[in-house]
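Here are my notes for you on this chain. Have the sequence and the 3D view open while you read, and look up each residue as it comes along.

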Amino acid sequence: MSGRELFSSLLLFYKNKTMMTPQEQIAEFTNQSLEGTDCFLIDFKIKPTNNYKIYIDSDTGFTLEKAIAINRKIRRMAEEAGLYPEGDYSLEVSSPGLEAPLKLIRQYVKNIGRKLEITLQDEAADGLVGKLIEVNESSITIEESLVKKNKKEISVPIKTEIAFDDIKSAMVCIEF
């Protein structure tokens, strides 16, 4: 690449970065901070007071140490970019929490083997509770236990495939 081409590329990069809003830049810094990690973005919320709430999960569990490291990376990038010279913003990096519904296929994959409570889009249908046993691009398969009572109770596993389009919400059931 010639010096002129390099200069043109850098100028284009600089123009694109300066044309981004601070919110877009924080979103970009978040994505950059997650590169090369097993962490992934679940949700990104901004309150009018420049309060950024960034919800992240991880394939191997999202720890406090991971949250702190990502928060520091994003803050460093924001400071280097001079986004908020007066420091008039706040940044919170955390997991969505156990009570948050699953949103991404990657979250479903992470929770294979765990019990889910699923609410379907069809309001007339009952919700389902079962062990998540399979995930593909368009659906999940859960295993429900049907109890038959003849002369004795027998638990019979039933596999049910559910399309993602049919799921209104899916929550991991906390078992002790």
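**Notes on the chain**

1. Let's start with Lys45: with a relative accessibility of 43%, Lys45 counts as partly exposed. In these notes, buried means under 20% relative accessible area, exposed means over 50%, and partly exposed is in between (1.4 Å probe, protein chains only).

2. A word on what you're looking at. This is a predicted model, where local features need pLDDT of at least 70 and side-chain atom pairs count only at pLDDT 80 or more, while totals for chains, interfaces and linings use all residues. Residues are numbered from 1 along each chain as its sequence is written, and side-chain values use heavy atoms, with hydrogens and water left out.

3. Back to our pair. Lys45 and Asp43 meet through their side chains in a salt bridge, at 3.9 Å from N to O. A salt bridge here is a side-chain nitrogen of Lys or Arg within 4 Å of a carboxyl oxygen of Asp or Glu. Asp43 also forms a salt bridge with Lys103, and there the closest N and O atoms are 3.1 Å apart. Asp43 sits in strand E1 (residues 39-47) and Lys103 in the loop between strand E3 (90-94) and helix H4 (105-110), so this pair ties together parts 60 residues apart in sequence. Put together, Asp43, Lys45 and Lys103 are linked in a network of salt bridges.

4. How many salt bridges does a search of the whole structure find? It finds 6. One of them joins the side chains of Asp59 and Arg106, at 2.7 Å from N to O. This pair links distant parts of the chain, with Asp59 in the loop between E2 and helix H3 (64-81) and Arg106 in helix H4, 47 residues apart. Asp59 is partly exposed at 38% relative accessibility, and Arg106 is partly exposed at 35%.

5. Now find Lys53, in strand E2 (residues 51-58). Is Lys53 buried or exposed? Lys53 counts as buried, because its relative accessibility is 18%. Its side chain makes a polar contact of 2.9 Å with the side chain of Glu92. (A polar contact is a pair of N or O atoms within 3.5 Å; within protein, one must be able to donate a hydrogen and the other to accept it, and residues adjacent in sequence count only if both atoms are side-chain atoms.) Setting aside neighbours within four places in sequence, Lys53 is in contact (heavy atoms within 4.5 Å) with Asp43, Phe44, Lys45, Lys47 and Glu92.

6. Leu98, Ile174 and Phe176 make a nonpolar surface patch of about 430 Å². Patch residues have over 30% relative accessible area and no salt bridge; like charges are joined within 9 Å, and nonpolar side chains (Val, Leu, Ile, Met, Phe, Trp, Tyr) within 5 Å. Phe176 comes in the segment after strand E8 (167-172), and Phe176 is exposed, with a relative accessible area of 97%.

7. Finally, zoom out. The chain has 4 helices and 8 strands, where helices (H or I, at least four residues) and strands (E, at least two) are DSSP runs numbered from the N terminus. Of the 176 residues in the chain, 31% are buried.

Key: Accessible areas come from the Shrake-Rupley method with a 1.4 Å probe; for residues, only the protein chains shown count as cover.
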